[in-house]
Amino acid sequence: MNPNQSTRTNVDYKTILVSDSGHIRTITLNRPERRNAMTPEMQMELIAAFEDTAASNLRVLILTGTGDAFCSGLDLSALHTMGEKTAAEYRADAERIARLFLALYELHIPTIAAVHGPAIAGGAGLATICDFTLATPAAKFGFTEVRIGFVPALVSAFLALQIGGRHTRDLLLTGRIIDAAEAYRIGLVNEVVAPEELSKRAQTLAETLIANSPQSIKATKHLIAAQNQTWLNAAIAQSLEASALSRETADFREGITAFLEKRKPKWETSSQLGSKPTRPN
C-alpha cells in the first residue's frame with residue numbers, strides 16, 4: 001500500500017466524494033441537487049472522512065463542493081420533523097455538529113476550503129474553520145440562523161476565533177449574506193480568485209504547504225489549537241446548552257412553521273418573551 005494513501009479509500013460514501021492525489025486529499029460535498037445541504041448522513045460521512053484523514057500520512061486536505069453551491073447549510077427538508085424531536089434528540093443533533101466542526105478544526109494537517117458558490121449557515125462554518133479559505137467572486141457567505149429562529153451557537157466560537165468579536169456579532173445578529181469581497185475585507189477569506197483558477201490555486205497552495213516540514217506544520221497547528229483549547233472547550237459547552245435551550249422557544253417553533261408555510265415569521269415581542277433563559281448562565 002502507498003504510505004500516502006488512507007486505509008479507508010474504498011469506503012462507499014453516499015453524500016461526499018473522497019479522492020487522494022499524492023499527499024493531497026480532496027473531499028467534495030456531493031449533493032448538488034440540494035445545493036450540498038447537510039443531512040445527518042453527510043455530517044457523519046464528513047466526520048468519518050476527517051478522522052480517516054487524521055489517521056493517514058496525507059499532508060493537506062482540500063474541501064469543496066459540486067454544483068452551484070459550496071454548502072447551503074442544514075438540509076431544511078429536515079424541518080418537517082424538527083418540531084417533533086425530543087430534547088435528547090436535539091442535544092444529539094448539536095453534539096454531532098460539534099463533533100463535525102472539531103474533527104475539521106483539530107486536523108493536524110493544513111485544510112483549504114475552495115468556495116465557488118454560496119456557503120451558508122453550517123456551510124459557512126465549514127469554510128470558516130479551514131485554515132485557508134479561497135473564494136471566487138460568485139461565493140457568498142452568511143450565518144442566517146436568526147432569520148428562522150435558530151441560534152448560530154456552535155459556529156459562533158470558531159467564527160470569533162477567525163474574524164474577531166465585532167465582525168462576528170455583525171454577521172450572526174443580522175443574518176446578512178456577504179459577498180467574497182467583503183468576506184476578504186473582514187478576514188473570513190484569504191484570497192479571491194477567478195473561477196477558472198480556483199482549483200489550480202488550491203493545488204498550488206497545497207504544494208507550498210507540502211514543501212514545509214510536516215513535523216513543524218503539525219506542531220504549529222497543535223500549538224495554535226492548544227492556545228485556544230480552554231476557551232474553545234468552554235465555548236462549545238455553552239453553545240451546546242444555548243442550542244438546546246433555543247429549540248424550546250416559541251420563536252424556534254414559529255420559525256420552522258413560517259418557513260414550511262413560506263411566509264414571514266411573526267416573532268414574539270420582548271414583552272411577550274418568557275423568563276426561560278436563551279443562553280446558559
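Author: Gly73, Leu74, Leu76, Ala121 and Gly122 lie nearest the centre of the second largest pocket, out of 38 residues that line it. The model is predicted, so local features need pLDDT of at least 70 and side-chain atom pairs count only at pLDDT 80 or more, while totals for chains, interfaces and linings use all residues. Residues are numbered from 1 along each chain as its sequence is written, and side-chain values use heavy atoms, with hydrogens and water left out.

A pocket here is an open set of points on a 1 Å grid over the protein atoms alone, where a 1.4 Å probe fits and protein lies on both sides within 12 Å along at least five of seven lines; lining residues have an atom within 4 Å of a point. The second largest pocket holds about 840 Å³ of space, a volume being the space filled by probe spheres set on points that are joined across faces, edges and corners. Two or more lining residues come from each of α1 (40-54), α2 (79-82), α3 (87-105), β5 (118-120) and α5 (153-163). Among these, α3 gives the most, with four residues. Helices (H or I, at least four residues) and strands (E, at least two) are DSSP runs, numbered from the N terminus.

By residue type, the lining divides into 21 nonpolar, seven polar and 10 charged. Ala, Val, Leu, Ile, Met, Phe, Trp, Tyr, Cys and Pro count as nonpolar, Asp, Glu, Lys and Arg as charged, and the others, Gly among them, as polar.

Gly122, one of the residues nearest the pocket centre, also belongs to helix α4 and is buried there. Buried means under 20% relative accessible area, exposed over 50%, and partly exposed in between (1.4 Å probe, protein chains only). Eight of the eight residues of α4 (residues 122-129) are buried, so this helix is largely enclosed by the rest of the structure.

Alanine 78 sits in the loop between β3 (60-65) and α2. Alanine 78 counts as partly exposed because its relative accessibility is 30%.

Asparagine 36 is in the loop between β2 and α1. Its phi is near 55°, a positive value in a residue other than glycine, and at 0% relative accessibility asparagine 36 counts as buried. Lysine 262 likewise has a positive phi near 55° but lies in the segment after α10 (250-261). At 79% relative accessibility, lysine 262 counts as exposed.

Arginine 25 is part of strand β2 (residues 24-29) and is buried, with a relative accessible area of 0%. The side chain of arginine 25 makes a polar contact of 2.9 Å with that of aspartate 52. Such a contact is a pair of N or O atoms within 3.5 Å; within protein, one must be able to donate a hydrogen and the other to accept it, and residues adjacent in sequence count only if both atoms are side-chain atoms.

The chain as a whole has 10 helices and nine strands, and buried residues make up 47% of its 281 residues. The C-alpha atoms fill a box of roughly 60 × 40 × 40 Å, taken along the principal axes.
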